[in-house]
Amino acid sequence: MKTLNHYIIYGTLITASVNAQAAKTPASTIQNIKTMNTEKLSNAVVKQAIEALQSGNKQAWFALFTNDAQLFDDGNKMNFKSFFEKALGHERFTSIDKVEQNGLHVYGKFHSDQWGDFKTYFKFTVDANNKISKLEIGQASY
């Protein structure tokens with residue numbers, strides 16, 4: 001019984017120590033977990049879109065797209081508005097590994113709170129008014 005009490009005490013002390021350390025972690029450190037280098041993004045509209053995605057900023061994200069923007073997820077047509085209403089704030093790039101097609105195609109590691117971590121692509125189509133009219137997303141195998 002004495003050993004069981006020691007384990008309970010040690011467990012309580014460890015839990016208290018971990019909680020105290022978490023309380024000391026600055027919010028900026030927690031925020032940096034979601035921060036990612038966007039220097040490789042050469043297209044200004046795409047860069048704004050990725051930055052809005054990263055921060056979960058719905059207003060900024062939707063403002064970059066046409067009213068009838070099309071979304072394709074692994075080739076399947078999806079409802080753009082409802083998809084990103086759910087995804088923003090819960091999905092983000094963790095690294096940008098490759099940018100092609102004049103900055104319109106972005107490849108990198110991605111995190112989804114629902115689906116986990118995987119490699120992905122985002123292929124943007126930007127119209128003459130600098131609005132995104134089409135976005136193709138999916139799992140990448142680069």
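Reader: Which elements cover the buried residues of α3?

Author: The cover over the buried residues of α3 includes α4 (58-63), β3 (91-100), β4 (105-112), β5 (116-126) and β6 (132-139), where helices (H or I, at least four residues) and strands (E, at least two) are DSSP runs numbered from the N terminus. Contact here means heavy atoms within 4.5 Å. This is a predicted model, in which local features need pLDDT of at least 70 and side-chain atom pairs count only at pLDDT 80 or more, while totals for chains, interfaces and linings use all residues. Residues are numbered from 1 along each chain as its sequence is written, and side-chain values use heavy atoms, with hydrogens and water left out.

Reader: And which residues of α3 are buried?

Author: They are V45, V46, A49, I50, A52, L53 and Q54, with buried meaning under 20% relative accessible area, exposed over 50% and partly exposed in between (1.4 Å probe, protein chains only).

Reader: Why does the length of α3 agree with what a helix should span?

Author: The twelve residues of α3 (residues 44-55) should span 16 Å at 1.5 Å a residue, and the end C-alpha atoms are 17 Å apart, which agrees; the expected span is 1.5 Å times one less than the number of residues.

Reader: How does β4 run relative to β3 and β5?

Author: β4 runs antiparallel to β3, with eight bridges joining the two, and eight bridges also join β4 to β5, again antiparallel; strands count as paired if DSSP finds at least two bridges between them. S112 of β4 is the bridge partner of E91, and the partner of S112 in β5 is G116.

Reader: What about the turns?

Author: The hairpin of β3 and β4 has four residues between the strands, and Q101 takes a positive phi near 55 degrees there, while the hairpin of β4 and β5 has three residues between its strands.

Reader: Last one: where is F65, and what does F65 touch?

Author: F65 lies in strand β1 (residues 65-73) and counts as buried because its relative accessibility is 4%. Leaving aside neighbours within four places in sequence, F65 is in contact with F80, F124, K131, I132 and L135.
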